Amino acid sequence: MASATDSRYGQKESSDQNFDYMFKILIIGNSSVGKTSFLFRYADDSFTPAFVSTVGIDFKVKTIYRNDKRIKLQIWDTAGQERYRTITTAYYRGAMGFILMYDITNEESFNAVQDWSTQIKTYSWDNAQVLLVGNKCDMEDERVVSSERGRQLADHLGFEFFEASAKDNINVKQTFERLVDIICEKMSESLDTADPAVTGAKQGPQLTDQQAPPHQDCAC
């Protein structure tokens, strides 16, 4: 299913008047860091404390307005378990943005961020945009990963950084909107500098290989 629609991601869609662009976004990270809850909070404004492990991959669609453009987001929720890794990495292709998530109360999930970053570089486009998100910042009493360590790792990897809470709805919407803004900025830069013959082609705009803007901190 992904291969049939990948060519449309990030591409101007003249045949469908319901949206101007479609972006494919993946949420990745270790199991139980809160990826599914994060997606449900953003897409449906709902939250359940019950943990249900994602089997393989699932997605939701949400349409937003940014810079006078109607943008349809196809947001994929990936399973964190190793046994699903072959399935989930196949969906990296064509993704324009990633939310790489860890749990601030789980050191192992934070230590795995580097490996997840390597997978993004291996399986996705070179210019896919990435935000690092430390989830569950409502659980301050159980925190084992400081905000400073999160910011330092994000700086090292060249990602912007947020701490967030799906439960308390902290920085959920802001994370997605910032990622969309970065993608739009890179598209605009590419269109401004590319050959008109290329930008008019059906393959859609190519993102530039420039560093992301400075990270934004969380105020949890």
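G134 stands opposite E163 in strand β6. Strands β5 and β6 pair in the parallel sense over four bridges; two strands count as paired if DSSP finds at least two bridges between them. The model is predicted, so local features need pLDDT of at least 70 and side-chain atom pairs count only at pLDDT 80 or more, while totals for chains, interfaces and linings use all residues. Residues are numbered from 1 along each chain as its sequence is written, and side-chain values use heavy atoms, with hydrogens and water left out.

The chain holds eight helices and six strands. Helices (H or I, at least four residues) and strands (E, at least two) are DSSP runs, numbered from the N terminus. Along the sequence, the pattern reads α-β-α-β-β-α-β-α-α-β-α-β-α-α. Of the 220 residues in the chain, 51% are buried. Buried means under 20% relative accessible area, exposed means over 50%, and partly exposed lies in between (1.4 Å probe, protein chains only). Contacts are heavy atoms within 4.5 Å. Among contacts in the chain with a separation of 6 or more, 72% come from residues 24 or more positions apart.

Strand β6 is covered on both faces. E160 and F162 are buried on one side, and F161 and E163 are buried on the other.

Helix α6 spans residues 147-157. Its buried residues are G150, R151, L153, A154 and L157. Seen down the axis of α6, these residues fall within an arc of 165°, so they line one face of the helix. The arc is that of the directions from the helix axis to the C-beta atoms. The buried residues of α6 pack against β4 (97-103), α4 (107-111), α5 (113-123), β5 (129-135) and β6 (160-163). G158 follows α6 and has a positive phi, near 80°.

Strand β3 covers residues 69-78. Eight of its ten residues are buried, so the strand is largely enclosed by the rest of the structure. Strand β1 (residues 21-28) pairs with β3 in the parallel sense over seven bridges. M22 stands opposite K72 in β3.

A search of the whole structure finds eight aromatic pairs. A pair of aromatic rings is described by the distance of the centres and the angle of the planes. Rings of Phe, Tyr and Trp (its six-membered ring) pair if their centres lie within 6.5 Å; planes under 30 degrees apart count as stacked, over 60 as edge-to-face and the rest as tilted. The ring centres of W76 and Y91 are 4.9 Å apart and their planes are at 45°, so this pair is tilted. The pair links distant parts of the chain, 15 residues apart. W76 is in strand β3, and Y91 is in the loop between α3 (85-89) and β4. Both W76 and Y91 are buried. Elsewhere, ring pairs link F38, Y42 and F176 into a cluster.

Charges also sit over rings. The criterion is NZ of Lys or CZ of Arg within 6 Å of the ring centre and within 35 degrees of the ring normal. The charged end of K24 sits over the ring of W76, 5.9 Å from its centre. K60 lies over the face of F40, 4.5 Å from the ring centre.

Cysteines complete the description. The structure holds zero disulfides, a disulfide being a pair of cysteine sulfur atoms within 2.5 Å. C137 is buried, with a relative accessible area of 5%. C184 also counts as buried, at 17% relative accessibility.
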